[in-house]
Amino acid sequence: MTDLAHIRNFSIVAHIDHGKSTLADRLIQSTNTVAERDMKAQLLDSMDIERERGITIKANTVRIDYTADNGEAYVLNLIDTPGHVDFAYEVSRSMRAVEGSLLVVDSTQGVEAQTLANVYQAIDAGHEIVPVLNKIDLPAADCDRVAEQIEDVIGIDASNAIRVSAKTGIGIHETLEAIVKHLPAPKGDATAPLKAMLVDSWYDSYLGVVVLVRIMDGTLKKGDRIKMMQNSSIHLIDRIGVFRPAMQPVESLGPGEIGFITAQIKQVRDTRVGDTITHEKKGTDTPLPGFKPSQPVVFCGLFPVDSAEFEDLRDAIEKLALNDASFSYEMETSAALGFGFRCGFLGLLHLEVIRDRIEREYNIELITTAPSVIYHVYMRDGSMIELHNPADMPDLSIVDHLEEPRIKATILVPDEYLGDVLKLCQDRRGIQEDLTYAGARAMVVYDLPLNEVVFDFYDRLKSVTKGYASFDYQLMGYRQDHLVKMQILVNDEPVDALSTMVHRDRADLRGRAMVEKLKDLIPRHMFKIPIQAAIGGKVIARETLAALRKDVTAKCYGGDMSRKRKLLDKQKAGKKKMRQFGKVDIPQEAFISALKMDD
Amino acid sequence: MAEDWEQGGFGLYIHWPFCQAKCPYCDFNSHVAREVDQRRWLKAYISEIDRYAALVPHRVLTSVFFGGGTPSLMNPDVVHGVLDRIRHHWPVANSLEVTLEANPGSVDAGRFRGYADAGVNRVSMGIQALNNADLRRLGRIHTVEEARAAFDIARSQFERVSFDLIYARQDQTLDAWKDELKQALSMAIDHLSLYQLTIESGTAFGDRYDRGLLRGLPEDDISADMYIATQDICGTVGMEAYEVSNHAKPGAESRHNNIYWRYGDYLGIGPGAHGRMTLNGQRHATEAWSNPNKWLERVEQGNGEKLLQRIELRDQASEFLMMGLRLSSGIDIHRYEALSGSPLNPTNVSYLEDLGMLQSRSGMVCVTPSGRMVLNAVLKELLAD
Ligand SMILES: Nc1nc2c(ncn2[C@@H]2O[C@H](COP(=O)(O)OP(=O)(O)OP(=O)(O)O)[C@@H](O)[C@H]2O)c(=O)[nH]1
Ligand SMILES: C[S@@+](CC[C@H](N)C(=O)[O-])C[C@H]1O[C@@H](n2cnc3c(N)ncnc32)[C@H](O)[C@@H]1O
Ligand code: SF4
Ligand SMILES: [Mg+2]
């Protein structure tokens, strides 16, 4: 146990790619927490997908020992957090476990949308904030301008911002000193009844469920019997330790400390992040405030390309869900695609990550159907259902009205692209709420329907601003609007997996765009194929895919038929990757590509 | 019914891999060599002929085909030597067809007499186009005038003469092709091969195409129209297509190519040559080393074969179907069933019939004229489970 005055707990927060994980590397390295030979870049990004994409998805905790210039030894607990908006939840709960934040700002980029979002959360959590200007080794670094921006846009003092290169190690010592000097020590009472915050939990195939805890009051030891206050379940602690970043056992954890426990817990679902852990006997009666669980906001169907792999898919999904409480699933059947799962995600990146992992770690090829948000369908009889899948839209005769989720989007953009951004937001049914300037950058706030954003908004934003805009959003609640279900008919048959909910005013445009896209995506067949978009039986857009006119090998010479046969076999295998709707083969990628709007 | 291997005839293909210049569209195993030791090549051919004669003796040979490359660069005595050796080993049909592919240059034509003396009785000439501008764009080194002259010489020397044209060329219009085709028909005797230009990867054209530099190729719809016009025009003079790209008066069809299309046995001799042969009642695929020097060296060490492999019945059935449906006469359904062990999927068949792509009557299944134009799609459908 460490005395409170010598503990500092902090999260490292920033916009995507501003260098949080690299800064964590340097802090770990300069304190000799990890042997030099075990060091590697973005050490804490341990998942394959994190390393491959160079992003952080899961927050990670490390305990560091640091002897400061004043000669005293400190224990520092750092939490490296993800930058992408889909994983904002990881950031917010990490912040609840610490007293301060290092706010990293890339000195070549300046303040971005997630910089702001994170600062507001840190302020909300009552944090002390130490600004860090990173990447000063780059010629494009402009620390003075960025410091000024931090003061202007965020309104915090940046005069003592530390100038750092997480790459070369400049400013790391200063950062460590600032942590000790400027961040507050945690408070707590070692003799009070145990009060520990359940910060995170995950499944480890050797240890079972591992629980990350922050002790507020009291002391936790191996062999203690603990109670989860949420459901009063009792567990016996069989391991207790800290991350350095490998697991290292300790005798006990006291107030202000962060560490892990295992207690023979079978499923991640048996733990609830934000819950309060206390002792079975002489425990506390007053739980911590807790935090809202994360909610999936984007839903789509995942179907195996080869329908024989359905059970394998179930297995993969169950395994992944064990470790990811924000990913939900239930079985779905589609007339066209057969058996699959309707899955819920935090956002599109989360969806992609899960889909990638299923395809690669479990070797199952997937068809992904149109992503959808949750609509509230109010029935004539006054009841309300949550609609996760447009295919389940009830008959209009019994529906009174629909509501859709809205978000507050904050976009930062250099002013030369402002017009394009405003147009994009307007086209997506946005309502402008605010527009301010910070230097040469504009900050726009829009109220937007989530369903217009979920799918390709971010891609479009990046492309109209050549990558210079940043974007963050928060869910704001539901609002009624004129929403309809749009069906797609291919060769006169409705394809349920292509149904989407759209705003009536946007339906013609979307319908036309979709049928045009599908016309390009579906290969020509031996007959002509009408492709239509319809609302409640009324066709709003129509294209005809002409029949294949010529597909024959002109010369067939020298008797080399093996090559041709192999080609044919390959094409036959390719046909398996398509789904048959009546007599029409639709390639698997069509289900997603058809939705992309080029605006 | 006869055993399968007895069906479709028995032929021998000899590959000559050299040309004077490489054409930019061509993906055949053809090379430009500064010097070719033709006596060494003759020895190698003979050695391979001897090897195969030991493997498949006694069968009655219906055709020999010298293909390339440019076989009209072979010395007549090499052709003679090859044919003598063949006649030494196998009994030949009275109607033995001996074809040689010839380029229509004047030098080539100078050797025609010698080929005829050696026993060649059919020549297939690569005329390719009937105007000089297009010949140049195809990278051909002969003119129309030379081609016509060579053609006349060929007609005087050989019983049967056919020629090839490539159409759907860059900047070719439908009308221009119709005119050219009519001219060709006024020259042709009884056989014509009319190939739509195919852009093959690994060729100069393929490369240019990938880089977007091969301009003026007719759109798919135009080339479809060209194909239909070709059928119509040839039909009016009694030269219907008996195969996707081959037209003949009845009885004048190429017997050699018919062996491929009817899935008969043929031996492939020379670099890169493929064969299909029945050994102990089992059908085998053969393939020779394709690099000319490597092939020569291997043959001199005793064997030019790169591959000899049994073909599974299922694959035989696909090959039979794939080749047979190229013919307007189609395939013998019983032979298909015997090979594959099961009939064609009746749902797929009736679906294709309903679409007007396929026809079956009295034990034969064939594609309709519309089906022939989308044969690859028809095959995919038929072979689907
Ligand atoms: N030149 C330079 N590059 C840096 C510096 N710090 C980080 N980078 C690079 O910036 C990129 C992003 O760094 P990360 O540490 O992964 O950023 P992050 O903030 O953790 O990113 P997310 O977790 O995805 O939000 C990597 O390519 C780093 O090598 C620096 O000080 N100088
Ligand atoms: C083995 S090749 C060449 C024979 C001979 N060397 C010649 O060029 O005249 C036989 C025929 O295939 C045709 N051919 C070759 N490459 C082609 C291509 N890429 N597209 C269409 N036809 C082609 C030509 O008509 C050619 O005459
Ligand atoms: S087309 Fe004929 S002449 Fe031209 S390279 Fe090919 S084989 Fe040789
Ligand atoms: Mg990171």
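Helices (H or I, at least four residues) and strands (E, at least two) are DSSP runs, numbered from the N terminus. The model is predicted: local features need pLDDT of at least 70, side-chain atom pairs count only at pLDDT 80 or more, and totals for chains, interfaces and linings use all residues. Residues are numbered from 1 along each chain as its sequence is written, while chains are lettered from A and ligands numbered from 1 in the order in which they are written.

**View 1. The shell around ligand 1.** Of the 21 residues around this ligand, A:Gly19, A:Ser21, A:Ile55, A:Thr56 and A:Gly83 come nearest; a residue is near a molecule if its C-beta atom, placed from the backbone, lies within 6 Å of it. Helix H1 (residues 20–30) of chain A provides the largest share of the shell, 3 residues. The shell comprises 6 nonpolar, 10 polar and 5 charged residues (Ala, Val, Leu, Ile, Met, Phe, Trp, Tyr, Cys and Pro count as nonpolar, Asp, Glu, Lys and Arg as charged, and the others, Gly among them, as polar).

**View 2. The shell around ligand 2, shared between chains.** Because residues from chains A and B surround ligand 2, the site is shared between chains. In chain B, strand S2 (61–68), strand S4 (122–128) and strand S5 (160–167) are the elements that give two or more residues to this shell. The ligand is surrounded by 20 residues, the closest being B:Tyr25, B:Gly126, B:Asp164, B:Tyr195 and B:Thr198. By class, 8 are nonpolar, 8 polar and 4 charged.

**View 3. Domain 1 and domain 2 of chain B.** Chain B is divided into domain 1 (4–260) and domain 2 (330–385), with bounds from an automatic or database domain assignment. The C-alpha centres of the two domains of chain B lie 29 Å apart.
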